[in-house]
Amino acid sequence: MTSHHQNTQTMKPATAAKKLGVYLEATPAEFREGVVSRTELNALQSDPPEWLRELRRNGPHPRPVVASKLGVSISGLARGGVTEALTTEQIDALKAENPEWLQKERATQAEVRKEAVRIKEKNAQRREQES
């Protein structure tokens, strides 16, 4: 007979930060230095403490969040020379400035999305014809 004790799933702080959409280096020391259980992660997501709300609101934000807020890909950020986490204020300033690289990367991203939709529709049509 085997015992079914609940094994608590834990993750590294970096993984938890990624799931929470925050920049690890900006989190409190006790978050960075521990491990995060699935239960703790769920609690942070459902009832975020002030530090987490503040980070999500003002940053600094990790590159995937920066890319999303700017409407570009992560590699587009790198091509634009953005390699560090940015605050909401810095992102807003970049949007206002709207440098040439940002315009170009946004256009590229729009083309990528259009192409993805076109392929999806083409595949849907093919499936319809096959059935």
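Trainee: What percentage of contacts in the protein chain between residues at least 6 apart in sequence join residues at least 24 apart?
Mentor: That value is 55%. A contact means heavy atoms within 4.5 Å. This is a predicted model: local features need pLDDT of at least 70, side-chain atom pairs count only at pLDDT 80 or more, and totals for chains, interfaces and linings use all residues. Numbering starts from 1 along each chain as its sequence is written, and side-chain values use heavy atoms, without hydrogens and water.

Trainee: Which pattern does the protein chain follow along the sequence?
Mentor: The order is β-α-α-β-α-α-α-α-α-α. Helices are DSSP runs of H or I, at least four residues, and strands are runs of E, at least two, numbered from the N terminus.

Trainee: Why is the protein chain called more spread out than a compact globule?
Mentor: Its radius of gyration, taken over C-alpha atoms, is 20 Å. The globule rule is 2.2 Å times the number of residues to the power 0.38.

Trainee: Why is Lys-19 called partly exposed?
Mentor: Lys-19 has a relative accessible area of 43%. Buried means under 20%, exposed over 50%, partly exposed in between (1.4 Å probe, protein chains only). Lys-19 at 43% is therefore partly exposed.

Trainee: Where is Lys-19, and what does Lys-19 touch?
Mentor: Lys-19 is in helix H1, residues 13–20. Not counting residues up to four places away in sequence, Lys-19 touches Met-11, Arg-38, Leu-41 and Gln-45. Gln-45 is 26 residues away along the chain, with 9.2 Å between the two C-alpha atoms.
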